[in-house]
Amino acid sequence: MIALSCTGLNKAFGIEPLLEDISFTINAKDKIGLIGVNGAGKTTLMKILMGIESKDSGDLFFAKDLTVGYLEQNTNLDYTHSAFDYCEEVFAEVYALELKMRALEQKMHEDHSKETMNAYSILQETFEKLDGYSISSRIRGVLTGLGFTEEETVRPINQLSGGQKSRVGVARLLLKRPDILFLDEPTNHLDIAAIKWLEGFLKDYPGTLIMISHDRYFLDQIVTRVFEIEDCELTAYNGNYSDFIKQKKAAYEAELKKFESQQRELNKQETLIRKFKERGTEKLAKRAKSREKRLAHMEIIEQPKLFKAHFKIDLKSGYKSGKDVLAVKTLGKTYGSKEVFHDVSFEVYKGDRIGLIGPNGVGKTTLFKILLGELKPDLGELVWGHHVVPGYYDQELNNLNLDNTVLEEIHDDNPKLSLTEVRNLLGAFLFTGDDIEKRIGMLSGGERGRVSLLKLMLSTSNLLFLDEPTNHLDLYAKETLEEALINYDGTLITISHDRYFLNKICTKVFELSPEGIEVFWGNYDYYQQKKIEQEAPVADVPADSGLTKTKQKELQRKEKEQKAEVKRQKTALSDLEKAIATSEEALHALEMALCEPEVYSDPIKSQETQQAISKQKLQIERLYSELDELLELL
């Protein structure tokens with residue numbers, strides 16, 4: 001059954017098109033992941049489908065009698081009643097039904113008529129079908145799953161943090177259980193435990209799901225189809241995010257092969273044309289002209305890109321630190337009567353890539369601020385190694401001056417760089433043209449994130465503290481950052497709820513709890529295995545993946561053979577050119593002989609000379625063909 005469909009949808013802002021000829025069909029119970037770079041039009045498309053924004057043209061179809069729910073990316077609730085009360089409002093009709101039942105119960109004490117009993121029975125049956133008796137437990141289950149304590153569920157919403165307010169919005173929408181659920185970044189502000197709970201809930205969700213998310217683990221667990229918006233167009237892929245990446249890479253590699261094949265052919269033909277012209281003969285000049293005409297009519301394939309809009313980052317430490325970077329001994333922190341954590345001890349060594357994880361509120365950012373010297377611990381000590389220069393990426397991006405332009409923000413921190421150098425760096429981070437004159441305060445979260453990453457790249461830090469570095473980045477920007485961090489020659493500690501990110505970059509996982517830190521020597525998958533106490537054998541990885549001596553000798557032998565072959569071909573080329581020159585001289589002599597009276601006046605001699613000329617021309621044609629083939633090999 002088709003839940004909704006879209007045909008020929010177009011949307012532009014001014015003269016700039018955002019969505020062009022978007023068409024797709026979504027069936028009931030489909031779970032769609034809507035992905036693309038920041039600014040591609042994902043949220044705009046979702047709002048058009050919801051009727052919040054208008055389309056310029058195109059047709060939308062929704063199946064009849066379907067209920068629709070929408071969770072915006074930034075939910076900012078401001079209510080004086082509690083999260084529990086706010087969620088209860090979803091069931092107002094059920095509670096109204098319950099009040100009618102209570103009224104009938106009172107009436108039944110005095111009126112035992114069949115009509116009253118039947119009316120009560122009908123209400124009770126409807127109430128049970130709506131799971132009226134389990135409303136409170138359902139609300140508590142959803143709020144607890146999303147990380148709320150019992151005390152937080154009864155606290156006024158306007159006293160909750162921004163992240164908690166967003167989670168209340170998620171909870172209320174999930175409790176409504178609409179037929180079509182639209183979610184824009186539902187994992188924002190959720191810790192790993194809450195994300196796992198939401199994964200399970202949405203995986204079993206009986207309705208249709210359309211979701212914008214940059215959480216690749218989350219997409220892998222839930223979605224059955226991926227819609228990618230790129231260059232104003234939408235392409236549908238079957239499967240989850242990993243399936244999408246495989247299909248995307250396969251298509252890219254196929255296009256790349258076509259491009260490279262054509263480039264080789266173009267280079268070969270251009271080289272031949274140049275060589276033909278250099279020879280200076282009339283025949284080769286004609287051949288060169290013929291090939292130039294063929295090239296002029298060839299349809300040129302553009303070089304494909306796997307992800308068309310991505311920035312370039314090259315992280316290098318300014319100074320080399322000692323092997324021992326940091327030792328933390330029995331650290332403790334208390335706010336008033338509330339202890340955040342105690343007995344936190346660990347060591348950090350040069351080259352470590354550490355993922356710091358734990359539930360929200362456990363004190364991860366507090367620990368970062370202590371390590372950065374912004375807060376003082378109540379207990380314990382820090383022992384720093386030699387030449388350690390910390391750098392900090394703040395998830396709130398508070399290190400940016402909102403009044404600066406993008407150009408000023410980078411140049412003020414790096415005055416030794418020329419304006420041209422700064423512009424080139426900003427171009428590599430996708431800030432071009434008038435973008436560099438935009439105020440920081442006018443940028444999107446993703447754009448601010450790129451500015452902050454560029455500042456970090458230009459710093460001399462050799463110990464990076466990264467607080468949720470992937471929060472403001474789209475999928476492709478995350479891939480770019482991950483590659484840069486894997487190749488980083490310094491040390492890093494990152495707080496992240498992005499399991500895909502942690503799995504890809506971390507060499508250690510530190511799990512923070514109120515009782516201290518537990519160290520896991522591996523990536524996120526290893527951490528998970530240890531947490532569920534699975535002792536699956538790990539395959540041995542060869543320590544040395546270099547070439548063996550036998551292989552090296554084989555390669556040397558092949559290299560010698562290739563050099564000998566090239567030398568042979570050059571000799572053959574020289575011999576061919578000499579043979580062509582000799583044959584053309586012989587042809588010229590025969591043609592001149594044909595002009596002699598004793599030849600053209602003698603029919604027999606004339607015929608013999610004509611035959612010799614024809615034979616000589618065939619010989620020259622054969623030699624030129626051999627030359628053609630040989631030039632292609634060189």
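Tutor: A definition comes first: two strands pair if DSSP finds at least two bridges between them. Strands (E, at least two residues) and helices (H or I, at least four) are DSSP runs numbered from the N terminus. The model is predicted, so local features need pLDDT of at least 70 and side-chain atom pairs 80 or more, while totals for chains, interfaces and linings use all residues. Residues are numbered from 1 along each chain as its sequence is written, and side-chain values use heavy atoms, without hydrogens and water.

Student: Which residue in β2 does Lys11 stand opposite?

Tutor: Strand β1 covers residues 2-13 and strand β2 residues 16-27, and the two pair in the antiparallel sense over eight bridges. Within this pairing, the residue in β2 opposite Lys11 is Leu19.

Student: Which residue in the turn of the β1 and β2 hairpin has a positive phi?

Tutor: Two residues lie between β1 and β2 in this hairpin. The phi in question is about 70 degrees, and it belongs to Gly14.

Student: What is the bridge partner of Leu4 in β4?

Tutor: β1 also runs antiparallel to strand β4 (residues 57-62), joined to it by five bridges. In β4, Leu4 has as its bridge partner Phe62.

Student: How many residues does the protein have, and what percentage of them count as buried?

Tutor: Buried means under 20% relative accessible area, with a 1.4 Å probe and protein chains only. The protein has 634 residues, and the buried percentage is 43%.

Key
Buried means under 20% relative accessible area, exposed over 50%, partly exposed in between (1.4 Å probe, protein chains only).
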